[in-house]
Amino acid sequence: MSSSKLEFLPISSSIDPSFWNKLYEIKLNVDKLNETHHSIWGYFSNINNKSNVPLLEVNSTSFNKDFESQKIYIPFHGKVLNWRSPRKTITVEFIFILSFADLKKFNFYYWFAFPVPYNLSITCNSVKNISDDFNINQLEEFWDKYCELDKFQKPYFLLQIKDELVNIFPLKSQVANLDENNHVDYYFGFYDLSLLENCPGSLLRNYITFILHHCPFLQGRSVNFLSLRLKRNSDSNLSLLNSLIFKLELPSCLPSISKLINEDPQKGWVGWEKNERGKMGPRLSNMKSFMDPKELAESSVDLNLKLMKWRLLSNIDLEKIKQTKFLLLGSGTLGCSVARIILGWGARHISFVDNSTVSYSNPVRQSLFTFEDSKYAKPKSLAAADNLRNIFPGVKSSSFQLTIPMPGHSIGESMLEEVKKDVDMLVNLIQEHDIIFLLMDSRESRWLPTVLGTYFNKIVINAALGFDSYLVMRHGVRIDMEEVKVRQHTPGFKSLKGNYLGCYFCNDVTAPGNSMKDRTLDQQCTVTRPGVSAIAGALSAELAISILQHKEGAKAPAFFKIGNVVDTEKELDNQCVLGLIPHSIRGYLSTFSQVLPATERYNMCVACSDVVQNAFDQDRFNFLLKVFQNSEYLEIITGLSELTKEAENIGVWEFSDEEEIECVSYEYSKLDLSASSSVEGNKSRGEIVVEDFSYNQNKTILQDHKALIMEEIDQSGATTSKN
């Protein structure tokens with residue numbers, strides 16, 4: 001090839017995030033307000049570089065006193081200076097990094113410099129492959145001896161072929177032995193950062209400057225430079241065959257190389273790296289996602305769940321959980337437990353609703369509260385939301401102080417506007433959220449959210465506690481009602497479609513009333529074994545997550561057992577990725593057992609039946625107001641009151657003759673009959689008494705049944721069968 005001016009390929013920087021972590025630590029703990037130079041190591045290798053751009057890398061180990069890295073990496077030494085404020089400066093180092101750290105925003109401004117002389121003009125006379133001067137044996141010998149060099153001598157070295165043997169010398173020990181006669185026997189070797197043919201890396205100019213300084217007799221002479229370029233071949237072995245030999249004519253620089261370089265101080269040295277826009281200026285590295293504790297916490301939480309996905313549940317949809325909005329009605333024992341579990345599942349949107357404050361007895365049983373919260377009687381919903389963000393700043397938790405209007409809790413004229421605002425707020429909250437948890441203390445407080453959850457077709461999860469028992473259930477939805485209700489599965493299992501499932505009130509034969517009236521102190525407090533709430537809360541959260549992961553969502557079928565023969569070896573179809581989804585879970589700590597019953601929607605239900613839903617749709621607040629004033633209104637419109645009367649009337653004819661005689665005898669003993677009363681009259685009065693007794697006895701049975709329901713609700717929140 002004809003002689004031409006040699007062109008050089010500039011170097012680019014590659015910064016590992018750990019470098020900024022280390023610099024951040026040094027700035028905070030060492031430099032503080034000082035501006036101090038720190039020695040650093042950069043390293044380079046073309047072996048695994050798939051681009052034509054030479055990359056010099058730095059990471060956290062760059063600040064080590066000694067260079068420590070793999071053998072395939074070539075070290076380069078330099079310095080870093082971290083400014084107190086952004087500004088320009090002029091300096092010369094082999095590698096130099098100017099930086100400004102915005103520690104509050106985790107932004108790092110940096111400017112890499114690889115200084116090289118500007119005025120050095122070099123002529124390239126020829127370029128050839130290394131195999132033109134070296135045979136296979138010599139190449140193998142060259143590689144073996146190169147590997148024996150000290151790591152700091154590998155970037156630049158001298159190579160000599162004498163009597164067909166290859167000798168490699170460290171530059172430091174051999175450069176003084178060069179003279180005008182023997183220099184032709186040497187190749188000036190360097191580890192080339194460039195992979196472009198006919199275009200070496202820009203740092204070759206520094207090498208030539210060094211040679212001209214120590215060997216001025218080489219000015220104007222042609223010198224052989226060996227460009228070492230390593231690549232892996234098809235067998236994954238390292239190969240030298242991409243290496244080149246440049247025959248370069250060195251410039252004349254009388255009286256000295258130093259005089260030539262510094263002839264123009266403004267252009268003596270160049271090598272500042274261009275920014276992303278191709279202009280001379282610093283670059284920006286935003287490390288917020290790597291260094292901000294909040295961002296680190298979020299990525300760690302996500303990683304924990306992703307490991308579950310990668311290792312065990314490849315089909316789980318974690319993003320769906322993250323985007324779901326959860327509404328927790330009740331921020332007490334159950335609310336705290338549910339919030340912690342769904343937070344562990346990656347929930348990002350959690351809203352708390354409550355109307356009470358944190359008391360001194362709460363923190364030991366309710367995991368989101370502290371002594372300080374009780375000391376200042378902080379609202380429960382606010383304390384729960386704040387403390388949840390303290391646990392994980394990435395969650396968007398909000399709080400609402402709200403009293404839920406309840407059936408049988410009469411409302412005065414002065415409270416009407418406030419109650420209407422509460423109803424409107426609850427309606428908006430349920431509309432805005434995807435999953436509603438009913439975690440309140442009383443039965444009647446669940447009625448309005450149940451009506452609204454059914455009306456807006458939301459996923460509703462209900463949890464109630466007894467002393468040593470619990471009930472966790474999901475409510476059905478009113479969509480696609482023409483589908484098949486019940487399906488037979490593997491022996492021992494059936495399933496009921498989610499849109500036919502009953503709600504919390506479907507097993508009741510009475511409307512919810514004011515259960516708080518005339519309660520003593522011990523009846524007003526929820527008394528349960530401490531572990532019950534944790535179990536019920538965890539099951540509630542897991543039930544909600546399972547519904548989200550089912551392809552049919554709220555319509556997911558509820559599995560229940562039939563008979564005693566259950567085939568547990570066969571996998572049930574139509575499950576979610578987490579397993580089967582029940583309708584309800586009733587657990588008993590006294591026996592450490594639980595059952596999974598499923599109940600169909602009741603057409604006379606006081607909450608989810610068509611007649612109640614239609615009444616709410618037509619009159620909205622006016623309908624609700626009637627229920628708040630008198631809960632028996634629900635029994636009238638649903639037909640439960642008529643059903644009760646029929647049950648009472650039927651009871652008259654259920655006694656045998658013997659029972660009638662016995663009753664007559666019993667009642668006769670209590671009658672004040674006159675002597676003039678005839679036997680017929682006595683019989684007549686006795687028959688009436690029998691009828692009255694039969695009516696009263698059946699009425700008492702129904703009343704006792706209602707009382708048992710209320711008692712069970714008070715103690716456990718569970719409902720009795722409508723039978």
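## Arg283 and its surroundings

In this predicted model, the side chain of R283 makes a polar contact with the side chain of E273, at 3.4 Å. R283 belongs to strand β17, which covers residues 283–286. Because its relative accessibility is 19%, and buried means under 20%, R283 counts as buried.

## The eight-stranded sheet

An open sheet of 8 strands runs in the order β20-β19-β18-β21-β22-β23-β27-β28, and its pairing is mixed. Strands β20 (396–401) and β28 (593–595) stand at the edges; each has a single partner strand, so one side of each is left without a neighbour in the sheet. On average, neighbouring strands of this sheet are turned by 15° against each other, direction ignored.

Within the sheet, strand β18 (residues 325–329) pairs with strand β19 (residues 349–354) in the parallel sense, over 5 bridges. L327 has S351 of β19 as its bridge partner. In general, the strands of a sheet pair through backbone hydrogen bonds, either parallel or antiparallel.

## Helices across the sheet

Helix α9 (residues 333–344) lies across β18, β19, β21 (435–438) and β22 (459–465). Its direction is at about 165° to β18. Helix α15 lies across β18, β21, β22, β23 (469–474), β27 (584–588) and β28, and runs at about 15° to β23.

## Nonpolar cores

The largest nonpolar core has 50 residues, of which F326, L328, F352 and F437 touch the most other members. Helix α15 (residues 530–549) gives the most to this core, with 8 residues. A second, separate core consists of 45 residues, including I411, V427, C605 and L625.

## A mostly covered helix

Helix α4 (residues 204–214) is mostly covered, with 8 of its 11 residues buried. The buried residues are L204, R205, N206, Y207, I208, T209, I211 and L212.

## Confidence in the model

The mean pLDDT of the protein chain is 82, and 82% of its residues reach 70 or more. Over residues 87–93, pLDDT stays under 50, and the model has 10 contacts beyond four places in sequence for this stretch.

Definitions and conventions
Residues are numbered from 1 along each chain as its sequence is written. This is a predicted model: local features need pLDDT of at least 70, side-chain atom pairs count only at pLDDT 80 or more; totals for chains, interfaces and linings use all residues. Side-chain values use heavy atoms; hydrogens and water are left out. Helices (H or I, at least four residues) and strands (E, at least two) are DSSP runs, numbered from the N terminus. Buried means under 20% relative accessible area, exposed over 50%, partly exposed in between (1.4 Å probe, protein chains only). A polar contact is a pair of N or O atoms within 3.5 Å; within protein, one must be able to donate a hydrogen and the other to accept it, and residues adjacent in sequence count only if both atoms are side-chain atoms. pLDDT is the predictor's confidence in each residue, from 0 to 100. Contact means heavy atoms within 4.5 Å. A nonpolar core is a set of buried Ala, Val, Leu, Ile, Met, Phe, Trp, Tyr and Cys residues joined through side-chain atoms within 4.5 Å. Two strands pair if DSSP finds at least two bridges between them. Axes are lines fitted to C-alpha atoms, for helices over the stretch in contact, and angles run from 0 to 180 degrees between N-to-C directions.
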